[in-house]
Amino acid sequence: ADDVTLQLKWVTQAQFAGYYVALENGYYNDADLNVTIKPGGPDIAPTQVLAGGGADVTVEWMPAALAAREKGLPMVNIAQPFKSSGMMLTCRKDSGVSTTDDFAGKTLGVWFFGNEFPFLSWMSQLGLSTDGGDAGVEVLKQGFNVDPILNGQAACVSTMTYNEYWQVIDAGLTADDLVTFKYEDQGVATLEDGLYVLEENLSDPAFEDKMVRFVKASMQGWKWAEENPEEAAMIVLEYDETGAQTEEHQIRMMGEVAKLTAGSNGALLEADFQRTVDSLLAGGSDPVITKQPEGAWTHAITDKALN
Amino acid sequence: MTWLIGALFFWLAAWALNTRLANSRLSTTLAVRTFIPVLFGLTLLVLWEGLVRGLGVSQVILPAPSLIAKTFVGSTDILWVDVVQTVFKGALRGFAIGALAAFAVAILIDRSAFLTRGLLPIGNFVAALPIVGIAPILVNWFGFDWQSKAAVVVVMVFFPILVNTVQGLRETDAMQRDLMRTYAAGYFQTLLKLRLPAAMPFVFNGLKIATTLALIGAIVAEYFGSPTRGMGFRISTGVGSLDIDLVWAEIAVSALVGSAFYGLVALLELRVTFWHPSRRS
Amino acid sequence: MTNNTIVSAKDLSLTFQTNDGPVHALSDVNLDIEKGDFVSFIGPSGCGKTTFLRVMADLEQPTGGEITVNGVSPREARLARAYGYVFQAAGLYPWRTIGGNIRLPLEIMGYSKADQAERVSRVLELVDLAGFEKKYPWQLSGGMQQRASIARALAFDADILLMDEPFGALDEIVRDHLNEQLLKLWADTGKTIGFVTHSIPEAVYLSTKIVVMSPRPGRVTDVIESPLPKERPLDIRDTPEFLEIAHRVREGLRAGHSYD
Amino acid sequence: MTNNTIVSAKDLSLTFQTNDGPVHALSDVNLDIEKGDFVSFIGPSGCGKTTFLRVMADLEQPTGGEITVNGVSPREARLARAYGYVFQAAGLYPWRTIGGNIRLPLEIMGYSKADQAERVSRVLELVDLAGFEKKYPWQLSGGMQQRASIARALAFDADILLMDEPFGALDEIVRDHLNEQLLKLWADTGKTIGFVTHSIPEAVYLSTKIVVMSPRPGRVTDVIESPLPKERPLDIRDTPEFLEIAHRVREGLRAGHSYD
Amino acid sequence: MRNAIPVLTVLVVLVGLWWAAVAPMNIRPALDLAERGGAVIVPEGSVQRREVSVWTLMLKNSSHVSAGYDLKRPRLPTPAQVGQEIWKTTGAMVLKGRTWSKRSLIYHSWITLQSTLWGFLLGTSLGILGAVAITYSRVTSMSLMPWAIISQTIPIVALAPMIIVVANQVGVEGRGVPKAIISAYLCYFPVLVSMVKGLNSPKPAELDLLKTYNASGTQSFWKLRLPASLPYFFTSLKVGVAAALVGTIVGELPTGAISGLGARILIGDQFGTPLAIWSALFLAAILAGLLVTFVDTMQRVTLRKMGFRA
Ligand SMILES: Nc1ncnc2c1ncn2[C@@H]1O[C@H](COP(=O)(O)OP(=O)(O)OP(=O)(O)O)[C@@H](O)[C@H]1O
Ligand SMILES: Nc1ncnc2c1ncn2[C@@H]1O[C@H](COP(=O)(O)OP(=O)(O)OP(=O)(O)O)[C@@H](O)[C@H]1O
Ligand SMILES: Cc1ncc(C[n+]2csc(CCO)c2C)c(N)n1
Ligand SMILES: [Mg+2]
Ligand SMILES: [Mg+2]
């Protein structure tokens with residue numbers, strides 16, 4: 001069997017259920033692959049791991065991948081299991097936010113570490129400065145939780161539809177107390193959770209073949225997970241080495257993630273790609289990327305895998 | 001390859017020079033005593049540069065020192081903002097508060113033998129704890145700006161200083177104390193004229209340990225939430241956006257600031273404890 | 001016990017409780033010291049000389065018997081600042097200059113600044129250390145440090161001067177010199193002095209009263225009143241009277257000693 | 001310099017470079033020591049006694065003049081393990097028993113295990129410490145520790161025994177006793193001994209040759225050959241010959257001293 | 001034993017203070033919760049309440065103070081809550097026979113302990129070797145010492161991701177090695193400093209003694225310098241083992257939250273479960289206590305055996 005190492009973007013959770021399902025259900029085995037899944041973490045940059053040869057393929061968000069590409073790390077998207085973006089800004093009504101016009105002067109929690117790019121281009125499209133000026137918003141580098149909105153340190157925090165939003169709900173705030181701004185709805189959505197490899201590896205036919213089998217098995221995993229959310233969540237729990245994830249939370253997450261993967265067969269749609277690029281290029285004074293990327297994606301793998 | 005061999009050669013030559021200098025008559029002069037470690041540091045940098053270039057290591061993994069230096073010079077404005085946020089606002093204030101509090105508590109509990117015996121083992125124990133772990137809790141309590149960083153620093157430096165000060169206050173020898181007794185000196189007289197001066201070497205021991213802790217504490221705490229500036233912020237986001245050269249520039253700043261801070265405390269120590277046997281020769 | 005009695009010990013005992021059982025450092029010691037006496041304590045190591053001095057100065061609490069100093073308890077005498085104590089080691093504070101060390105008791109006892117300066121220079125003169133006021137202890141030889149510590153004990157007005165082997169670390173010539181000076185000082189000030197030594201000639205040369213002690217438990221085996229005149233040139237040490245007292249002390253010592 | 005000359009110093013000088021300028025510890029010292037001599041060095045503090053002993057033992061390098069030991073340089077003599085050195089402080093290693101401390105030089109010099117055991121018990125006997133082999137240094141009194149350190153220097157076959165104030169910290173009675181023993185040992189083994197002391201009677205009682213030194217710069221001011229017989233009971237110290245030599249030493253000392 | 005009563009007293013007082021602090025710390029979330037549950041709170045609305053001090057809130061809403069002692073997501077949990085959580089993740093796990101399950105803190109402590117021990121081993125070895133080199137070579141001592149100090153001012157967290165990547169590149173898999181390296185990085189320094197002190201602790205006279213015996217360098221190392229340094233050695237081990245634990249936990253925070261106490265803290269933070277953080281913190285404290293006590297016992301036994309006075 002061929003060895004493949006997959007680097008995840010974040011800790012073991014239902015966000016990555018498809019891969020764990022493929023592993024657990026033997027889809028990788030059937031494809032004659034020996035897959036190792038490496039969970040991520042707050043200080044794991046999948047791009048860097050890929051560059052360092054610590055992984056063959058990685059789950060990454062497209063803005064980060066494109067930024068890395070401009071930094072001289074030629075990452076290529078070979079598949080896009082997530083069709084839509086799950087990012088949103090969740091705000092408390094009682095802090096006085098009901099539309100995007102209310103942002104000015106408010107403190108907003110944002111994830112950094114390569115996840116800030118969609119936010120920054122959104123703000124620049126809204127004409128709000130993020131560097132502490134009067135007319136702008138106060139940006140808080142949000143940690144790994146939603147505490148800032150709970151104890152009133154921030155008016156809004158970044159949340160994923162499938163994860164942090166539910167933490168806010170679990171903490172006692174109701175949907176009525178909250179206003180959410182989905183990036184999809186704001187027209188600033190960027191592609192999340194794609195599979196990326198290094199360009200130079202793709203010229204190797206053996207590697208290409210491995211990836212074809214990998215993507216195929218992974219998509220099989222995703223589809224199974226979409227259909228069997230509860231079982232998929234249990235599989236994820238099985239693989240969670242921290243032992244801190246809860247069943248309830250993961251099942252719910254799987255349900256939400258399924259909404260995002262629905263509609264993707266794994267192949268990247270060029271229109272989605274262009275929408276992401278446009279959104280990023282519009283990034284105002286300090287854009288994430290400066291020019292239209294070339295060769296940042298390929299259908300070579302999905303074409304073979306999905307047909 | 002030439003880079004590798006060149007770096008290796010430089011290293012050998014520098015080491016040979018250092019060996020000669022260290023064993024020469026001049027080795028006690030200040031100039032040579034600073035030159036030798038500086039040259040040693042330089043060889044490390046050259047070796048690093050040679051390794052990175054010779055092996056063609058990607059700059060998103062380990063940038064060469066030359067690139068780091070360039071980034072450093074080009075981003076002094078960012079670096080300065082970060083130093084102000086992390087060091088001046090977070091670390092130094094936390095250090096000052098923590099040190100003063102520890103000092104005051106040490107003097108207070110020292111009056112009671114019961115408290116000393118009860119608190120000292122606990123203090124010793126807490127000083128050995130991985131206190132950085134409380135960073136998320138304190139960020140939650142004190143907010144994301146510098147206050148929570150200072151709070152982490154306060155907690156981190158408090159116990160080492162407390163333990164050292166209490167120990168230092170007990171460090172007078174019996175004869176020195178007996179002398180004060182024969183003068184029928186009061187508690188404050190004894191404290192002021194005997195025990196505090198005698199405790200100073202220990203106090204500074206604690207302060208020196210605390211300097212490095214302060215910086216680490218302030219930086220780690222920024223991982224759990226911060227404004228969009230600060231050394232910890234820049235380091236963590238820098239890795240995410242593959243600005244590894246900027247990350248290293250921040251590391252260099254941290255080393256510079258940390259060494260300067262340590263050096264300052266050490267200098268102060270030299271002036272205050274000039275009389276201590278370990279300082280004389 | 002006369003009116004002039006400064007120290008009076010009756011059946012004084014002191015037992016230390018140690019891990020290895022009790023140590024009887026002093027056992028039934030009876031001793032009177034008169035005003036102006038120069039009393040030497042001599043005896044083998046561990047016989048309780050230091051302990052007795054410390055009991056007098058209220059640095060140690062007796063476990064039996066009674067002791068009064070100036071008619072009151074040692075504690076009251078200490079609070080009245082009756083003692084100048086010279087320890088076996090100089091025990092100068094290293095962070096203070098020689099002058100600063102001598103000034104220490106003066107500061108504590110609240111002497112005026114002017115008085116302090118005057119006293120410091122006077123006692124420095126007395127122990128031949130004029131000019132060393134600004135030096136730190138570790139810049140001086142052991143003998144000089146010892147003299148500074150004597151100066152420190154002389155700087156304030158204590159009636160009783162207690163000295164625990166103050167000259168132990170000095171060479172014979174310096175010792176002779178300091179012995180002479182000490183006698184002079186004693187004659188001038190009329191202080192009462194308690195003095196511990198290991199040297200027989202020193203004890204005989206200096207004292208009006210020699211207390212010979214023996215160990216385990218610490219007892220006083222002999223108290224010898226010296227018939228020597230107050231005025232004592234160094235070569236008094238070659239006189240037969242001197243040698244006779246020295247002989248008596250040596251015999252007393254040997255009797256209490258484990259060798260022989 | 002005869003055939004029997006063990007140590008021969010010619011115009012020996014040693015200057016220490018210190019922060020406060022040069023210190024002339026020894027200056028133009030000329031001295032011959034014969035085989036079997038017992039040489040005492042006496043002089044005020046800081047006159048260079050220790051320094052001279054250290055130069056002999058190759059622990060310090062002279063900055064001028066010449067010195068030979070056993071006809072060769074001190075270094076060669078040291079490499080040939082010619083010295084037993086007793087330092088002023090006992091300097092026993094606290095993690096070794098008394099026996100272990102005495103065994104230390106034997107281990108280093110590669111004596112056989114059996115030989116080691118035999119020698120350790122012999123020297124312990126010699127210094128009256130039989131039965132203390134298994135004790136640790138801190139379980140012994142100061143005097144006993146000092147004796148153990150002497151035993152350590154005697155355990156191996158060094159021709160030359162150098163002792164730097166070995167009895168400085170002991171009381172007079174113990175000291176007398178050890179003096180007697182040392183003399184006996186010296187008579188038995190025929191070692192050459194260099195001995196530093198501050199005590200005039202001790203120097204006179206022990207030595208065949210008394211070297212009187214004076215400080216700043218360290219010079220030899222007098223070398224007194226003792227006419228006393230090799231056999232010396234303790235009360236030889238009351239004889240006129242003894243007192244006369246003692247007097248001469250005292251005069252020599254006083255001449256070199258800053259007081260007077 | 002002499003210290004037992006004072007220590008216990010102080011501990012009881014500390015726990016009491018902790019318990020008392022729960023009320024003011026938790027009053028705001030407690031009131032928010034109560035208000036959402038329909039209770040009438042003065043003043044109304046959590047934003048308005050931010051202007052009011054916790055003491056006033058406690059006074060005006062005294063009936064809701066006790067709710068602060070039973071929150072699911074307390075800002076400050078009560079001692080009992082922490083105790084229960086610890087019991088649930090340790091003792092209860094053992095009783096259920098799931099000691100080594102991923103949900104058991106015993107398992108995570110074991111992961112942390114392993115890295116700590118490896119880091120400790122690596123760090124002490126480096127520290128000792130460095131100290132020997134510094135003691136015996138002037139160049140090493142003059143070049144290395146300042147850099148050893150500077151090395152400690154580098155924020156090791158910043159290096160963590162790069163250590164992982166580089167470790168990956170040289171073919172080391174898993175997080176164990178990087179964690180151990182970070183742990184060793186923090187551990188070596190106190191050992192080095194203390195051992196340099198220890199190896200140089202023999203007084204000149206003690207070294208001179210060996211010189212008169214014409215002892216070789218190795219002999220003086222084994223017979224004098226090394227035994228003389230042992231008290232320093234053990235003291236440094238105590239500091240070192242604590243530093244190694246700090247290093248491991250710091251290493252577990254950012255190096256990919258997989259397992260170990262540091263990861264539990266991180267996950268507890270990410271999922272907003274303060275009790276997970278607190279229980280992991282307490283287990284880390286217990287671990288530190290055990291490690292230091294172990295070294296301390298070793299020290300006592302060894303030094304006593306070697307004849308050092310206790
Ligand atoms: N604090 C103490 N605890 C226990 N035993 C003590 C203490 N102080 C002194 N001793 C013991 O009491 C005895 C008398 O001691 P002391 O110091 O008075 O003797 P000394 O006559 O001054 O001896 P030296 O001439 O050696 O100074 C000794 O056996 C000593 O070990
Ligand atoms: N290593 C050194 N560096 C500088 N000066 C030194 C050193 N060793 C000794 N001296 C100085 O050399 C002089 C002679 O010292 P030495 O120790 O030989 O005197 P000593 O006769 O043994 O005195 P004591 O009786 O006090 O032991 C002194 O002035 C001393 O301060
Ligand atoms: C330092 C850091 N902060 C936030 C994220 C955000 N993030 C990206 S994917 C993901 C999973 C959704 O729950 C989350 C939280 C990150 N990666 N690293
Ligand atoms: Mg005494
Ligand atoms: Mg000497």
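Residues are numbered from 1 along each chain as its sequence is written, while chains are lettered from A and ligands numbered from 1 in the order in which they are written. Because the model is predicted, local features need pLDDT of at least 70 and side-chain atom pairs count only at pLDDT 80 or more, whereas totals for chains, interfaces and linings use all residues; side-chain values use heavy atoms, with hydrogens and water left out.

**Around ligand 1**

Let us start with ligand 1, which has 13 residues around it, each with a heavy atom within 4 Å of the ligand. The closest are C:Ser45, C:Gly46, C:Lys49, C:Thr50 and C:Thr51. By class, the shell holds four nonpolar, seven polar and two charged residues. Here Ala, Val, Leu, Ile, Met, Phe, Trp, Tyr, Cys and Pro count as nonpolar, Asp, Glu, Lys and Arg as charged, and the others, Gly among them, as polar.

In chain C, strand E1 (5-18), strand E2 (21-34) and helix H1 (49-56) each give at least two residues to this shell. Helix H1 of chain C has the largest share, with three residues. Helices (H or I, at least four residues) and strands (E, at least two) are DSSP runs, numbered from the N terminus.

| Residue | Part of the residue | Distance |
|---|---|---|
| C:Cys47 | backbone N or O atom | 3.2 Å |
| C:Thr50 | side-chain N or O atom | 2.5 Å |
| C:His198 | polar side-chain atom | 3.2 Å |

The protein covers 65% of the 630 Å² of accessible area that ligand 1 has on its own, by the Shrake-Rupley method with a 1.4 Å probe.

**Two domains in chain B**

An automatic or database assignment divides chain B into domain 1 (2-57) and domain 2 (72-279). Their centres, taken over C-alpha atoms, are 33 Å apart.

**A residue in chain E**

Finally, E:Gln299 sits in helix H13 (residues 274-306) of chain E. E:Gln299 counts as buried because its relative accessibility is 12%. Its side chain joins that of E:Lys238 through a polar contact of 3.0 Å; within protein, one atom of such a pair must be able to donate a hydrogen and the other to accept it, and residues adjacent in sequence count only if both atoms are side-chain atoms. Leaving aside neighbours within four places in sequence, E:Gln299 has contacts (heavy atoms within 4.5 Å) that include E:Pro231, E:Phe234 and E:Arg304.

How values were computed. A polar contact is a pair of N or O atoms within 3.5 Å; within protein, one must be able to donate a hydrogen and the other to accept it, and residues adjacent in sequence count only if both atoms are side-chain atoms. Buried means under 20% relative accessible area, exposed over 50%, partly exposed in between (1.4 Å probe, protein chains only).
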